[in-house]
Amino acid sequence: MSKRWSFALASVMITLSVAACGSPGQPGAPAGGNGTAGASGGSGAPYKVGLVYSKSGPLASYGKQYRQGLTAGIDYATKGTGAVAGHTIQITEQDDAGDPAKAVASATDLIGQGNTIIAGSTSSGVALQVAPLAKDNKVLFISGPAAADAVTGANRYTFRSGRQTYQDVATAGTMLGDVKGKKVTVLAQDSAFGKANVAAVTAVLGAKGATVSSVEVPAAATDLTPFATKVKGGTPDLLFVAWAGANATAMWTTLGQQGVFDSTKVVTGLDIKATHALFGEVATKINFLSHFFEGAADNAAYQALDAGLKKQGATVDLFTNDGFVAGQMIVHALESGGGNVDKMVSSLEGWKFDGPKGSLEIRAEDHALLQPMFTATLKKDGSNVVPQLGDTLQASAVAPPVTPFK
């Protein structure tokens with residue numbers, strides 16, 4: 001099954017890189033079985049948490065990472081008990097397979113079963129449909145890897161545990177320094193998906209003074225040389241590559257053959273480990289913006305994530321952070337509010353804490369998750385390529401504008 005790394009992880013998303021080849025699999029089950037996180041420490045009625053995520057479908061490899069991180073995060077935040085104030089955290093999973101309609105039905109069912117917290121949402125299309133349910137039913141919703149900007153400010157009951165599109169694009173822009181007066185070209189496919197990329201770059205970098213243009217490639221194109229030649233002829237200061245499809249390696253190879261890397265800075269998003277080899281011979285010439293990767297940071301939370309994943313036979317990867325942070329947020333909300341949803345919401349607003357990436361803050365005005373971002377390169381390691389940390393950008397450098405609640 002072919003997958004792609006995306007900013008927003010949906011048909012309207014901002015995807016920066018080639019399809020990821022990951023296999024859907026069974027996430028590491030939390031201790032306690034039957035969806036219960038933690039087998040000890042619970043003497044009162046359990047706190048019920050519904051989890052709606054892509055256990056199967058095109059984003060299953062992302063969902064698996066999120067689920068594994070969630071297990072580690074709850075374990076860390078509860079000091080290994082899986083319980084808050086004597087109440088076991090009971091997680092009930094539902095697989096949305098990336099389908100918004102299925103996710104809405106699953107979330108509705110879980111709310112009906114008395115789950116006062118809903119977490120998950122690998123796909124932005126899912127998150128944007130579940131968010132209104134949270135408001136209508138007054139339950140706490142913590143969206144996961146879904147990165148659509150519209151999740152921020154959706155309503156007072158909706159939060160996120162990952163980054164959003166604006167932070168990705170702003171990170172790419174920092175590679176030019178002051179973008180005012182600079183030329184930025186977006187290389188993307190001529191589709192709704194590709195046009196969404198162009199629109200996002202225009203909205204973020206164009207607003208900062210860059211001149212944004214695009215080279216859009218028909219999805220059926222097999223000869224990519226004319227498009228690479230057009231990119232080079234435009235002499236952009238920055239080429240922002242947004243590509244999804246089986247011909248990604250051919251696209252990168254063609255850019256190299258046409259000398260694009262000799263005349264412009266080329267930027268795309270760093271996907272999950274399984275995709276790193278797909279950049280071919282030009283892998284070490286690409287500049288990557290990154291949400292998270294193994295070795296990007298090192299603090300107590302990161303070390304707990306690493307250890308928690310190893311217990312599950314897994315390793316740190318792109319979306320394990322989002323699950324871990326969701327676990328921290330769930331535990332904090334329950335510690336502060338118990339079964340009172342409005343108290344849980346209030347406790348998260350303005351909360352500052354350390355996640356695996358570093359210092360995080362949930363902005364009270366719209367629930368944006370302010371967080372550091374990274375730049376990276378790939379370095380050859382025998383027959384493999386591995387990411388190398390470039391810059392760590394402070395949260396303030398990539399903070400999205402405030403989006404008032406709807």
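Reader: Is Arg 67 buried or exposed in this predicted model?
Author: In this predicted model, Arg 67 is found in helix H1, which covers residues 60-77. A residue counts as buried when its relative accessible area is under 20%. Because the relative accessible area of Arg 67 is 0%, Arg 67 is buried.

Reader: With which side chain does the side chain of Arg 67 make a polar contact?
Author: A polar contact requires a pair of N or O atoms within 3.5 Å. The side chain of Arg 67 meets this requirement at 2.5 Å, and its partner is the side chain of Glu 93.

Reader: How is H1 oriented relative to helix H10?
Author: Helix H10 spans residues 320-337, and its axis lies 6 Å from that of H1, at an angle of about 40°. Angles under 35 degrees count as roughly parallel, and 65 to 115 as roughly perpendicular. The angle of about 40° therefore makes H1 oblique to H10.

Reader: How many charged residues does the contact of H1 with H10 have?
Author: The crossing of these two helices is right-handed. On the H1 side the contact includes Gln 65, Tyr 66, Gly 69 and Leu 70, and on the H10 side it includes Asp 322, Phe 324, Ile 330 and Glu 335. By class, the contact of H1 with H10 has ten nonpolar residues and seven polar ones, and its charged residues number two.

Reader: How are H10 and helix H11 oriented to each other?
Author: Helix H11 is formed by residues 341-348, and its axis comes within 8 Å of that of H10, with a crossing of roughly 120°. Roughly perpendicular ends at 115 degrees, and roughly antiparallel applies over 145. With a crossing of roughly 120°, H10 and H11 are therefore oblique to each other.

Reader: Which residues of H11 make the contact with H10?
Author: The crossing of H10 and H11 is right-handed. From H10, the residues making the contact are Met 329, His 332, Ala 333, Leu 334, Ser 336 and Gly 337; from H11, they are Lys 343, Met 344, Ser 347 and Leu 348.

Reader: Are H2 and H3 roughly parallel or roughly antiparallel?
Author: Helix H2 runs over residues 100-112 and helix H3 over residues 124-137; their axes are 8 Å apart and the packing angle is about 30°. Angles under 35 degrees count as roughly parallel. This is why H2 and H3 are roughly parallel.

Reader: What is the value of phi at Lys 138?
Author: Most residues other than glycine have a negative phi. Lys 138 is placed in the loop between H3 and strand E8 (140-143). Lys 138 is a residue other than glycine, yet its phi is positive, near 55°.

Reader: Where does Thr 235 lie, and what is its relative accessible area?
Author: Thr 235 lies in the loop between helix H6 (225-233) and strand E12 (238-242). Although Thr 235 is not a glycine, its phi is positive, at about 45°. Because buried means under 20% and exposed over 50%, Thr 235 is partly exposed, with a relative accessible area of 47%.

Reader: How far apart in space are Met 175 and Asp 391?
Author: Met 175 is in the loop between helix H4 (165-173) and strand E10 (183-189). Met 175 counts as buried, because its relative accessibility is 17%. Beyond four places in sequence, Met 175 touches Lys 265, Val 267, Asn 287, Phe 288, Leu 289 and Thr 375. Met 175 and Asp 391 are 216 residues apart in sequence, and their C-alpha to C-alpha separation is 9.5 Å.

Reader: With which side chain does the side chain of Thr 158 make a polar contact?
Author: Thr 158 is in strand E9 (residues 158-160) and counts as buried at 1% relative accessibility. Leaving aside neighbours within four places in sequence, its contacts include Ala 131, Phe 141 and His 367. The polar contact of its side chain, at 2.9 Å, is with the side chain of Asn 155.

Conventions:
Residues are numbered from 1 along each chain as its sequence is written. This is a predicted model: local features need pLDDT of at least 70, side-chain atom pairs count only at pLDDT 80 or more; totals for chains, interfaces and linings use all residues. Side-chain values use heavy atoms; hydrogens and water are left out. Helices (H or I, at least four residues) and strands (E, at least two) are DSSP runs, numbered from the N terminus. Buried means under 20% relative accessible area, exposed over 50%, partly exposed in between (1.4 Å probe, protein chains only). A polar contact is a pair of N or O atoms within 3.5 Å; within protein, one must be able to donate a hydrogen and the other to accept it, and residues adjacent in sequence count only if both atoms are side-chain atoms. Axes are lines fitted to C-alpha atoms, for helices over the stretch in contact, and angles run from 0 to 180 degrees between N-to-C directions. A crossing is left-handed if the near helix is turned anticlockwise from the far one by less than a right angle, and right-handed if clockwise. Contact means heavy atoms within 4.5 Å. Ala, Val, Leu, Ile, Met, Phe, Trp, Tyr, Cys and Pro count as nonpolar, Asp, Glu, Lys and Arg as charged, and the others, Gly among them, as polar.
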